[in-house]
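Colleague: I would like to learn how to read helices, sheets and loops in a model such as this one. Could you take me through it feature by feature?

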Amino acid sequence: MLVITAPVAAQDDPPLWYPVETINSGLGPAPSELDRSSPRAALRSFVDLIDAGDVDDAAHLLNVSHLPKDEQEARASTLATKLGVLMDRKLRIDWSGTPAEADAKPTTGANASEAPQPRRDYLLEELNGDDQIYAIRLTRYATEPAEGEAAKPVWLFSQDTVDNIDALYDTFGPRAFEAYIPEAMKARVGWLQLWEWLALPLLIGVLILVGRVTAKLVGLGRHLSDNRVVDRVIERAALPLALVVASFAAYWLLGFIVSLSGPATAVITPALVMLAVVGFSLAALRAVDALLDHVTRRQLGDKFDTPSSTDREFFTSMYALRRVILVITVGFSLVFVLMQFDIFANMGMTLLASAGVLTVILGIAGQVTLGNMVASLQIAIAKPVRIGDNIHYEGDWCTVEAIYFTFIRLRTWDERRLIVPVKYFLSYPFKNWSVLNERMLVSIRLVLDPMAKVALLREKFTTSAQADPGVIEHDKIWTAVTDHSAHGMTVEFYVMTPDPWTAWTVEMRLREEMVDFVRNEHPEWWWRERIEL
């Protein structure tokens with residue numbers, strides 16, 4: 001029976017061990033070479049003895065004093081075997097972090113001003129099973145020493161850890177399938193047993209098969225609905241949902257059919273969680289993207305050659321909403337993965353201490369990418385340029401086709417595509433012909449002889465411009481002499497057009513008509529060089 005009395009320590013000092021009447025009296029004396037002086041020594045001794053198959057000696061590292069004396073020997077060996085299996089499959093032992101001192105003092109105190117305090121309990125791991133949290137803990141015990149002798153405390157697996165071994169073994173121990181595996185296949189090859197090396201490719205094959213079947217079944221759902229939105233959502237989300245189902249299938253196989261050893265589980269479990277999170281995130285993003293695409297097409301139609309200002313504003317807002325949803329989804333996914341593996345708790349002060357260095361490294365390594373992302377968000381908020389805007393960029397007339405996180409895609413007038421980094425795009429001036437409206441004043445310039453009659457030119461141009469279907473606001477049709485020199489007279493003709501594309505075509509047509517008029521009706525008006533003899 002375990003009896004805990006007052007801590008053996010000076011007043012106001014932390015307790016050094018738990019005093020008990022006896023320690024495992026039913027097991028007989030512990031081997032003299034068994035080292036139980038510190039948490040690391042006790043843990044190392046237990047692992048070495050289990051690996052050597054010496055479960056009887058390993059039992060002396062468990063506190064079974066609360067069990068009936070006549071049952072301790074049989075039960076302790078069985079419990080030691082089960083605990084060894086659990087540690088192999090579920091525990092990730094941090095040997096460097098396990099205290100090697102007898103009083104288990106941590107490397108540093110709670111803060112720089114506090115000295116490390118001795119401990120009589122050391123938590124190895126917490127396992128979550130059957131909706132409960134089980135602690136694997138080492139505890140320091142000592143019996144009352146004889147008069148004139150010093151106490152001899154030892155570190156053992158605590159009583160509550162021993163009581164939880166059976167429940168943990170049922171949850172995380174070998175499955176029924178493993179009873180049929182030959183002993184020869186259980187030999188270790190590297191980190192894993194031989195049968196595990198053979199099972200991993202089969203597991204991957206099953207996952208691929210489950211994923212393909214899931215994608216096919218989800219795809220069949222398109223034929224069950226006449227709704228175009230549902231069809232698009234199913235089509236885009238089929239593959240990500242296949243990843244989610246495949247990861248859950250693998251998790252079920254590992255939980256109920258077969259249980260792999262610790263090294264394999266340490267890699268596969270996080271990989272499955274991340275695969276499920278990635279699949280779910282992609283499915284959500286693609287579903288939202290399909291819905292936004294449907295709303296956009298319903299609002300604007302399928303042709304975006306000359307959208308109105310309101311349409312361009314709406315389309316750009318949809319792209320901005322996509323980016324916001326993407327950032328939120330990725331953020332939640334990262335937080336979920338970190339919380340799932342208690343990374344926040346394990347990092348502790350180390351994360352805070354390295355945050356500055358990590359920030360500098362990320363800032364240097366991702367300066368271009370982060371700069372482009374911030375610039376993209378700036379475009380989404382301020383909207384200096386919008387989807388569908390006609391702009392004059394570095395000598396090219398372009399239409400803005402798409403605005404992504406890191407680049408902008410522009411379509412030139414001759415159907416070429418310019419891919420421009422967002423940060424570079426915003427760093428230099430450009431002409432936006434669609435900020436307020438797309439109306440454009442067209443200017444046609446002819447250099448003629450000073451003897452040309454401007455009134456006739458004005459009359460001809462006004463007649464031609466009013467007859468042109470691309471010209472608007474006829475009150476803005478006008479003709480003026482803008483320059484005169486020894487090289488001739490410059491006459492410019494102006495008309496208003498509704499948009500840049502129409503402006504270009506109107507300019508070509510009217511210039512051709514005015515050139516034909518001068519050539520056919522008044523060829524003497526062409527500028528000529530005069531020489532006085």
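This is a predicted model: local features need pLDDT of at least 70, side-chain atom pairs count only at pLDDT 80 or more; totals for chains, interfaces and linings use all residues.

Colleague: How many helices and strands does the protein have, and what share of its residues counts as buried?

Modeller: The protein has 13 helices and 14 strands, where helices (H or I, at least four residues) and strands (E, at least two) are DSSP runs numbered from the N terminus. Of its 533 residues, 39% count as buried; buried means under 20% relative accessible area, exposed over 50%, and partly exposed in between, with a 1.4 Å probe and protein chains only. Among contacts (heavy atoms within 4.5 Å) with a separation of 6 or more, 64% are between residues 24 or more positions apart.

Colleague: What span should helix H1 have, given its 14 residues?

Modeller: The expected span of a helix is 1.5 Å times one less than its number of residues. For H1, residues 39-52, that gives 20 Å, and the end C-alpha atoms are 20 Å apart, which agrees. Helix H5, residues 194-220, can be read in this way too, since its 27 residues reach 40 Å from first C-alpha to last, close to the 39 Å expected.

Colleague: Which residues of H1 are buried, and what covers them?

Modeller: An α-helix has 3.6 residues a turn, so residues three or four places apart point the same way. In H1 the buried residues are Pro39, Ala41, Ala42, Leu43, Ser45, Phe46, Val47 and Leu49. Their cover includes helix H2 (55-58), helix H3 (72-90) and the strands S2 (121-129), S3 (132-143) and S4 (154-157). Just after H1, Gly53 takes a positive phi of about 80 degrees.

Colleague: At what angle do the axes of H1 and H3 cross?

Modeller: Two packed helices are described by the angle between their axes and the distance between the axes. Here the axes of H1 and H3 come within 10 Å and cross at roughly 100 degrees; axes are lines fitted to C-alpha atoms, for helices over the stretch in contact, and angles run from 0 to 180 degrees between N-to-C directions. H1 and H3 are therefore roughly perpendicular to each other, a label for 65 to 115 degrees, with under 35 counting as roughly parallel, over 145 as roughly antiparallel and the rest as oblique. Leu43, Phe46, Val47 and Ile50 of H1 meet Ala80, Leu83, Gly84 and Met87 of H3.

Colleague: What is the order of the strands in the open sheet of three?

Modeller: Strands of a sheet pair through backbone hydrogen bonds, either parallel or antiparallel. In this open sheet the order is S12-S14-S13, with antiparallel pairing, and two strands pair if DSSP finds at least two bridges between them. Strands S12 (440-448) and S13 (478-485) are the edge strands, each pairing on one side only, and the twist averages 25 degrees from one strand to the next. Helix H12, residues 454-467, packs on the sheet, touching S12, S13 and S14, and its direction makes about 25 degrees with that of S14. Helix H13, residues 500-521, also packs on the sheet, where it touches S12 and S14 and makes about 25 degrees with the direction of S12. S13 and S14 (residues 488-497) are joined by seven bridges.

Colleague: How many residues of strand S8 are buried, and how is S8 paired with S7 and S9?

Modeller: Eight of the eight residues of S8, residues 396-403, are buried. Four bridges join S8 to the antiparallel strand S7, residues 390-393, with Ile391 as the bridge partner of Cys398. S8 also pairs with strand S9, residues 407-412, in the antiparallel sense over five bridges, and a hairpin of three residues joins S8 to S9.

Colleague: Where does Ala104 lie, and is Ala104 buried or exposed?

Modeller: Ala104 lies in the loop between H3 and S2 and has a positive phi of about 55 degrees although it is not a glycine. At 0% relative accessibility, Ala104 counts as buried. Glu473, in the loop between H12 and S13, also has a positive phi, near 50 degrees, but counts as partly exposed at 27% relative accessibility.

Technical notes:
Residues are numbered from 1 along each chain as its sequence is written. Side-chain values use heavy atoms; hydrogens and water are left out.
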